[in-house]
Structure formats: C-alpha cells, structure tokens
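Keep the 3D view open as you read.

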Amino acid sequence: MAIISDDEGLEKRAKRNPIVKPETIEYDNTFENSIRPKDFDSYIGQTALKETLKIILEAAKRRGKPLDHMLFYGPPGLGKTTIAGVIASQMGVEIRITSAPSLERPRDIIGILMSLKGGEILFIDEIHRLNKVAEEILYPAMEDFTLDMTTGKSQTAKTLRVPLPKFTLIGATTKAGELSSPLRDRFGMIHRLEFYTVEELAKVVERTAKILEIDITKDGAEAIAKRSRGTPRIANRLVKRVSDFAIVKYDGKIDGRVADESLDILKIDEFGLDNTDRALLSLIIDKYDGGPVGIETIAAALSEDVRTIEDVCEPYLLQAGLLQRTPRGRKVSPEGFRHLGRKMPSEQTRLFSFDD
Ligand code: ADP
C-alpha cells in the first residue's frame, strides 16, 4: 500500500509514514503512524466490523470489482483512519487520504478524483464538513463513476460527462447525523465504531509498548487501559506519557503502581477524565444546578470550541453515564455528581430541610 498525498510536505511525510492525515498533522503524528496497525490481526477489537469487512473484501476480490463505498462514524481516535488503511493494504491498493475542510474549491475535489486509478481508495475525513458544491460533484462520481462538468455560461452552457476510474470512497465522520441524506444514501456500508473495552485497550497498550520497546507488566497495561476513555489514541498517548514518568521517576518499568501514580500526577482520574472534562461537569453543577444548560453556554464559559466539546469531551461523558443530553440542554447525571463527590440538588434540599 502506498499513499498519494496532496502537497509536497505531505508527500515527504507520507514516505516516512504509511498513513498521513493532512488535517491532523501535529508533532507526534510520526509516533501515531509508527504504531498504526496495518492488518486485521493487529487491529484490536471492533470484531463485528472486522468479520463483515473480511467477507466484503473477499467477495470484491473474487468478483474482481472495487469495494462498495463505506462510511465509518464515531468519536475521534477509535480507528476510522486505521481501518481504512487496513482495508487498502488487504486489497493491495493505494489509499489517498484527505479531509473535507481541505476540499474547499471545486477544483480540489475534481483534481483528486481525476488523479485516482482504478480500485484505489479515497478516504475523506470529517466528511460531514463537505460543502454543497463538493457534495454535488461527488454524487455522480460515487454512483456512476463520472464527473459532470459544466462549460460556458447560461444558454450556451454545456455539460460534459467525464468518466472516472472505479474507485472506493471511504468517509469518516464524528457526526453521521450531519451528513445530507443523498450523500449518506450513496454509501453501501455504514458502520459505527464502538468504544473499546478495558481488555481490548490493554491489548492496544501492550502492542504499543512492544513496538516502542517499553517494559510494561499486565497490571501496568490494565491501569493505563482503564483510564483511556475507551479510545486507542488516548491509550497510546498515555503509554508514552507514563513511560516518560517511569524512566525519570522510577526504574523505567511500568507496573500497576507506576501507571496509577503517573496518571494521578497527570490529573487523569480513574474514569479517564481530565481537567477539561471535570471542569465541564463542575461548571454545570456549580453554575446551573446540574443543568440542563445549552452547549453554547457551556463552551463559552469554558472558553472552548463547541465542536471540541461535542466531538471530544461529550461522547465519552455520555457513554460513561456521567452526562445526559436532554431537549433543553446537557445535564449532569447522579453518577456524574457522585464522581465529582458532589451532592445532587434534591439531596442538598433534603439535607437542608432535615437539618432545619
Ligand atoms: P480516527 O480516524 O477514528 O480518529 P485513528 O484511526 O487515527 O482514529 O486511530 C488513532 C490511533 O489509535 C492510531 O494511531 C492507531 O495506532 C490506534 N488505533 C486505532 N484503532 C486501533 C485498533 N483497533 N487497534 C489498535 N490500535 C488502534
């Protein structure tokens, strides 16, 4: 599998890394790519997805046809880009990775579509952010493998149909609900990635530790897994952070105690919540009696972007049952109050009238 990239910088990076994600390149992207699974065996968890994919891939190979277009959705860091890479390598085809915000002008998407070769995979991250024009270019491309281009103006305008190679589009999104239905309907397979169990994340941690030559015990891996919010990307980051602590403060080896102590210092609690998550829950409790309160109000009070709150903080808080989404806004659940060691407003009232 090889990567074709969008610019020179990406091309260089793509040579070092098997998968490059243009919108999320940050200093440790090389790290992320170095530990990214390349086949089904090293892609941990998501069993139902893997089983389905193996059949789809085998059928496509036997028919000698390209794969159906696929849409993967779920919170960031659960392995959407990674599974797209696994699919490409299993099919022995190239994958071209881009993201919707970088397809601003019609020529961006047209350029990419025209440069694809038969069977190749086009991966579009954050596909819910595609603009209307780009979407409309994609419809015939996905359905009939053609580009409909208009030349000339008003009455003299002509539509040209340009044939495209048969490619597979893999879309990824954190918000499947924001995709327009014509676009959603053009995917042959739509799959939601699930949060990982502690056992699965412990395997992710052990695998990463092995690649990075970090000495870790089973207890150490489990301690990190428990605080990783069901997310492999977070598990991988924490292995690295804890390993730094283990080298500097201990003898280099990560066991349960070293992991717990390091994560306490990093202020990641036993639910995996960090300062931002706790600030969000505390804000709703302290300023809004536990809610409900609107997401914009929360974001403004925390000086955070609404999208960050919705995409990064909330999914796990909701899944862990600490936060609830209601038609009137977000509410902290009784479990959320307990987790922060606070009393529910009703308990406070009861206590107050009792004491009175
Ligand atoms: P997404 O595209 O959903 O935001 P990525 O595919 O970029 O997430 O995954 C983030 C990191 O997590 C990757 O670098 C990869 O190493 C790790 N990862 C994701 N899914 C798995 C998995 N199933 N098994 C092992 N590691 C995984």
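A polar contact here is a pair of N or O atoms within 3.5 Å; within protein, one must be able to donate a hydrogen and the other to accept it, and residues adjacent in sequence count only if both atoms are side-chain atoms. By that rule, the side chains of Glu-314 and Arg-330 form a polar contact at 2.5 Å. This is a predicted model, in which local features need pLDDT of at least 70 and side-chain atom pairs count only at pLDDT 80 or more, while totals for chains, interfaces and linings use all residues. Residues are numbered from 1 along each chain as its sequence is written, and side-chain values use heavy atoms, with hydrogens and water left out.

To find Glu-314, look in helix H14, residues 306-319 (a helix is a DSSP run of H or I with at least four residues, numbered from the N terminus). Is Glu-314 buried or exposed? Glu-314 has a relative accessible area of 1%, and buried means under 20%, exposed over 50% and partly exposed in between, with a 1.4 Å probe and protein chains only; Glu-314 is therefore buried. Leaving aside residues up to four places away in sequence, Glu-314 touches Ile-295, Ile-309, Leu-323, Arg-325 and Arg-330, where contact means heavy atoms within 4.5 Å.

Now step back to the whole chain. Of its 356 residues, 48% count as buried. Among contacts with a separation of 6 or more, 67% come from residues 24 or more positions apart.

Key. Helices (H or I, at least four residues) and strands (E, at least two) are DSSP runs, numbered from the N terminus.
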